[in-house]
Amino acid sequence: AISSKLFQELEARGIKTHFVEKISDREMLVKKVEIIPLEVLVRNYAAGSLTKRYGIEEGTKLNTTVLEFCYKNDAFGDPFINEYHIKAMGLAAEEEVRAIEKSALKINKVLTELMKSKNLNLVDFKLEFGRTAEGEVILADEISPDTCR
């Protein structure tokens, strides 16, 4: 139900997603996509692994939004990767990575404003994107309390 609501809010603001309609509190109809094997971490405050890797105090508001990529592969523990790894491994084309970055920042702006209106700070969250049959890169998977802090 929460993912459906958030996808509807994003669609209303011009962000393309795989969402079609809410079927029930636990189900939604979505467009078929090929998931790009990247997790995109969007960080507004220091938390979790960011604090451990860089020694930033937990809860520090970052001077700018930080985008990080992980290779979506459970066998390897979803390791952090950069754009060179993405290109070298053929996970996404350079223009797809640019589209993902642009969309992730726009999604962050919308969700940050939405959460702020509910008196909440959006610390960080995870996004996944997929390719439609036409090759368009759109937001997919879920956005929920399980993928946000």
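The legends below describe close-up views of a predicted model.

Residues are numbered from 1 along each chain as its sequence is written, and side-chain values use heavy atoms, without hydrogens and water. Local features need pLDDT of at least 70 and side-chain atom pairs count only at pLDDT 80 or more, while totals for chains, interfaces and linings use all residues.

**View 1. Helix 4, residues 94-117.** Helices are DSSP runs of H or I with at least four residues and strands are runs of E with at least two, numbered from the N terminus. Helix 4 has 24 residues and reaches 35 Å from its first C-alpha to its last, close to the expected 34 Å (1.5 Å times one less than its number of residues). Just after helix 4, Asn-119 has a positive phi of about 65 degrees.

**View 2. Buried residues of helix 4.** The buried residues pack against helix 1 (2-12), strand 4 (38-45), strand 5 (61-71), helix 3 (83-89), strand 7 (124-131) and strand 8 (137-140).

**View 3. Contact of helix 1 with helix 4.** Contact means heavy atoms within 4.5 Å. Leu-6, Glu-9 and Leu-10 of helix 1 meet Ile-107, Val-110, Leu-111, Leu-114 and Met-115 of helix 4.

**View 4. Glu-134 in the loop between strand 7 and strand 8.** Glu-134 is exposed, with a relative accessible area of 71% (exposed is over 50%). From C-alpha to C-alpha, Glu-134 and Val-33 are 9.6 Å apart in space, and 101 residues apart in sequence.

How values were computed: Buried means under 20% relative accessible area, exposed over 50%, partly exposed in between (1.4 Å probe, protein chains only).
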